[in-house]
Amino acid sequence: MITKKLSRWVDSRVHAAKFVKSALNHVFPDHWSFMLGEIALYSFMILVVTGIFLMLFFHASSQTVIYHGSYHALDGAVVSVAYRSVLHISLDVPAGLLIRQMHHWAALIFLWAILAHLARIFLTAAYRKPREMNWLIGLTLLVLALVNGFFGYSIADDLLSGTGLRIGYSILLSVPVIGPWLTFLFMGGVLPNPDAIPRMYALHIFLVPALIAGLLAFHLGMIWRQLHTNYPGPKRTNRTIVGSRLWPSYTAKSVGLLLLVLAVVTALGAFAQIDPVWIYGPYQPADIMAGAQPDWYLGWVEGAMRLFPGVNLHLGHWLVPELFFPAVLMPSLVFGGLYLWPFVEKLFSRDEGDQNVLRLPYEQPIKTALGVAFFVFMLVLLVAGGDDIIAVAADSSLVEMRTMLRVLVFVAPIIAAVLTYLVCARMRLKAASSVGDVQEISVMEERPNDSVIPSEAPLRSQLDEAPDRTCDESSEL
Amino acid sequence: MSENEKRPQGGLSAFLELGLGLLDIGWTTLKFLGTVVDRLLPAKVAPEPIPESGRAADQEMESESQMDRHERWGTLFVLCFFIVAVLGGVGFVIAYWMGVTSTAVLGGTLALFFGGMGVTLVLWARWWMSHKEAVEPRHVLQSPPSEQEDEAAAFCGGAHEVRRRRLLKWMGLTGVGVLVAMVVSLMRSLGLSPDLSLYSRIWKGGQRLVTLDGKPVSLSSLEPGSTVTVFPEDQVGSERSQTVLIRVKEQLLQLPAERASWAPGGYVAYSRVCTHAGCPVGEFEAEQSLLLCPCHQSTFDVLRAAAPTGGPAARPLPQLPLYVDADGTLRAGGGFTSPPGPGFWDIS
């Protein structure tokens, strides 16, 4: 048996048998919502692999050339070397377009999965002690993913990405006091300049992914060390973990999930066109796309930029431009609030010690109401990011639409919060009225919490020890 | 699957569970078909005699033979997905080597491979792997006080063995400080200090206004209500220099008194870079005399020195003073009224 021989060979060199055994028996809870983070992890892996493929063909240079490639509609046009290489990948390299579209779709799914994962963690209060550090790391990963997504579609140097880049430049420039320095440090000067694309490329393919990979390893290491949380249920206490073992059932499910994520990304790359830069055309300073939109995950910033009234703040000789408030201050407050949340909640909570059993959203109505209000707030901003398109589609005036959205962005979250609170409170009441029956059953089955267990000794007797499994010659390993 | 083994908990709203549910329905259908076929076929083995040991063993036998049947048809079902996967993969290789360039064909076959393999593995995990709930204790993360103290003792004990610690500490801190200063200095190479290009007002007095194809603009070039993009004659095509030249009816203009002479013949010129977020202010609505930025829909009143009238922009577009020379050619009377583009801290 090769597996056995190999493991003996490795063990005699690194003393790994005990660790590997405990690793194989590691317990993972079974719940669909625990897979959201896994989907994010797998999309990141797809991003790295497809990204390496693209890297081999992409030329990060904004030097201009006259295009004479296989896309005849642009024959003779003045384009940048970067844009020409993206056309080459899309139209000439075998399977190049597939890989490029997969890369872009995987980025969208990556962000979708991170946000869904974040919502799950937030609504079930999984960030409580001892998991605050992982909350902070997770949020940092989200920031890095957002930023790297922006870099990714900016370096193609098509008309849309060029527009996005000008807006990004303007946002950076709007930071009080250090804005101009920051912009020059980052972009190498006013746009356009030859350093901007190579710098963003270096950040996009190396610095940010390396940070993501490092933090991701730490994120997973923490989960491994601290073990997952459990949803409330029989046998699930602060002192136990319930689920399937890593080997073999969890491994099979997880690898299966990886393959399914791959299948979805590949199918989207094959059939759903995304970012067709040859249609957008190269970036031309004097041209502009009407209805230009950022990728959806930055739509809330775009929406805030549109809704915020044109107000400049003059501080004597100095200026805080209008862009600062919706595009720098608002996102900073959003992320600042998210970063601080576990610590703020701790001030109002009576939790003591490690919290390993999740809370259901309805058990914490105020927090859930806040979370839903925040979500609705972001949703209105996202809609506002496309208000010109919606106004055209709805055949209404943009001014009216914008006034309505300006009201809605404050009113809708309040309504959503009140409704959520009422629903949660009602559910909590209902659960409390039936708790008598539930408790009788659960007492018969298992203790519902650990408060009455004085030590680990009596608990251990109820636990299933890791199975003693043997690999005899007949097993199919 | 025996009955005492619990199925994994299913979140009702989970999309994945829905997919698996559909597959379960597919499998159940197949099982049903299988049972029908089994009934139709003559039994190959005579039913086994019921052993004496009683009902429990009897039930076990019953469920085991049922399991055999499930496994047989289930295997067939899973095999279908595996075959689809392999066909997809082989299809991809063949298509690729035959030089097929269609993204749909290449991606479709590849997706079939991943999807088929994924479903195969997930079904295998669902049907033929143990769902026995494992329960394990969690270890308290915090170390016992004695270990914490040992840790502190190891650190402090080690540190106490160092002689002249205070000096070493100061040397270390100084070294780190100098290192930071050096690294920050190196960042200057990246372009830390904003250079004059940020504050430049682009135009020099006396420069002719030329279009993208290099032609100068004269007093008779435009009809009222029309517009053209112009550049300083030495920077044709430059992004920051782009200027929108508009001719309006002279009597409609409401420029401030000190700018009254900047619009000869009803020609006004403004920076074409939006003061909000730097997009080109590309659209001109002649009826309302408005310039509109397509990015965030800011509007600027051409008649009133490009003052912002709607949308998120707060500052007017920088204006370019104009005059007409002896030949009737339009020339810049100086630079823009402020640096073009979005605002920043020390713009004035």
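The model is predicted, so to speak of local features pLDDT of at least 70 is needed, side-chain atom pairs count only at pLDDT 80 or more, and totals for chains, interfaces and linings use all residues. Residues are numbered from 1 along each chain as its sequence is written, while chains are lettered from A and ligands numbered from 1 in written order.

**Stop one: chain A, 132-154 and 196-226.** These are helices α6(A) and α9(A), packed at about 160° with axes 9 Å apart. Helices here are DSSP runs of H or I with at least four residues, and strands are E runs of at least two. The axes are lines fitted to C-alpha atoms over the stretch in contact, with angles from 0 to 180 degrees between N-to-C directions. The two helices are therefore roughly antiparallel (over 145 degrees).

**Stop two: chain A, 299-307.** Now select helix α12(A), where eight of the nine residues are buried (20 or more other C-beta atoms within 10 Å of a residue's own, C-beta atoms being placed from the backbone). Among them are Trp300(A), Glu302(A) and Arg306(A).

Zoom in on β7(B) and β8(B), which pair over three bridges; Leu292(B) has Thr299(B) as its bridge partner.

Notes
Angles under 35 degrees count as roughly parallel, over 145 as roughly antiparallel, 65 to 115 as roughly perpendicular and the rest as oblique. Two strands pair if DSSP finds at least two bridges between them. A residue is buried if 20 or more other C-beta atoms lie within 10 Å of its own, exposed if 12 or fewer, and partly exposed in between; C-beta atoms are placed from the backbone.
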